[in-house]
Structures are given as structure tokens and as C-alpha cells.
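This briefing is for a reader new to the structure. Please look over the sequence and the model, then read the points below.

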Amino acid sequence: MSDPEWEFIKAVLPNKTRGKKRVDDRRVINGMFYVLRTGTPWADLPSEYGPPTTVYNRFKRWSYAGHWDRIMDAIADANNVDTVMVDGTSVRTHHSTTTLKKDPRHCLGHSRGGLGEKIHALTNQDGLPIRYELTPGQAHDVPPCKTLLDNLQPRQDVLADNAYDADWIRDMI
């Protein structure tokens, strides 16, 4: 992670001051990105990123507490882009998800391809994510569009396919 990226993210991170001395957040976040990028099991994380249990536990705690959502919102607010793109894609889930307890954080639903989720994303002109929403697999693209496009800046162009062809979306844009 570059120094400007770190300075930006550091400002929105939670800072716990109690207990043992914290493992460096920058090091831990780089470890999280390493696992997410390579698919390496958490236990096989190289030691340069800190203890694997620390990296995993902090990732899980921050996910449940909504810190990643706040980081993404801060990045989205800081992005001054001329063009944004919005689209959704269906993702098949692993067969083991059928045995999960009902949990509101899971957006499982049945679509034509079977059990899955749908990812709706708002990206910049380079395809880098700005904001995203998860819905059950059978959901239509239009409902999450309101939250994805609610922070549009004046004079921003919006690219979308025919699934987003609704009068209220045009009015919002």
C-alpha cells in the first residue's frame, strides 16, 4: 500500500487504545489484501504481515462492525471522477452455504443457476469499485441502484445497461 493510500485509510480506521500493544494496522491490512488477492489460507500468511490469527481476527471484527463499509464510503466520497458505471452480476455460491444458519448478513437466493448472490457495483471509468451492494440471486438490478447512485456529483456521466432503464433512475441522474 502506498503512503498516500495509507494516510487516507488510516484516518477512517478504528483506533483501540486499551490492552496489549497493537500489531501495526498497515502491516495487518497489507496481510488482508495479500490473502484476498492470492487466495492463500490465513494460516499460511507470510510472517512479514504479522500473526495470521491477528490478521484474520481483525478482518472478521472489522467486517462485522462495518468498518470496511465506512472505508469504502470514504473512498467513494474522495473520488472525483467524470464517469461512473453501474452493473450487477450473479455469483454462484459454494454448496456448503446451503447448510448455513439463517443470517441477515448472507444474501442467498435462488436464481436460474441455483443458489447464489448478486453483486451490484458502482465503478469509476477505469472499472475500480466505488460502492457495492449485495442482494439475493433472484433480485433485479434496479432496487440497489438508488443507494449506489445517491452520491452522484454534478456533471458526472453514468453508464448503465438496459436493466437500469427506468424513469425514476433517469430523473435521479
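The axes of helix H2 (residues 25-38) and helix H3 (residues 52-65) come within 9 Å and cross at roughly 85°, so the two helices are roughly perpendicular (65 to 115 degrees). The model is predicted: local features need pLDDT of at least 70, side-chain atom pairs count only at pLDDT 80 or more, and totals for chains, interfaces and linings use all residues. Residues are numbered from 1 along each chain as its sequence is written, and side-chain values use heavy atoms, without hydrogens and water.

- Contact (heavy atoms within 4.5 Å) involves Asp25, Val28, Ile29, Gly31, Met32 and Leu36 of H2, and Thr54, Val55, Arg58, Phe59 and Trp62 of H3.

**Salt bridges**
- There are two salt bridges in the structure, each a side-chain nitrogen of Lys or Arg within 4 Å of a carboxyl oxygen of Asp or Glu.
- One joins arginine 58 to aspartate 25, with the closest N and O atoms 2.5 Å apart.
- Because arginine 58 lies in H3 and aspartate 25 in H2, this pair ties together parts 33 residues apart in sequence.
- Arginine 58 is buried (under 20% relative accessible area) at 5%, and aspartate 25 is buried at 13%.
- Arginine 170 pairs with aspartate 165, the closest N and O atoms being 2.8 Å apart; arginine 170 is exposed (over 50%) at 55%.

**Strand S1**
- Threonine 83 lies in strand S1 (residues 83-92) and is buried, with a relative accessible area of 17%.
- Leaving aside neighbours within four places in sequence, threonine 83 is in contact with Thr123, Asn124, Gln125, Asp157 and Leu159.

How values were computed: Helix = DSSP H or I, 4+ residues; strand = E, 2+ residues; numbered from the N terminus. Buried < 20%, exposed > 50% of the residue type's maximum accessible area, 1.4 Å probe, protein only. Axes fitted to C-alpha atoms, helices over the stretch in contact; angles between N-to-C directions. Parallel < 35°, antiparallel > 145°, perpendicular 65-115°, else oblique.
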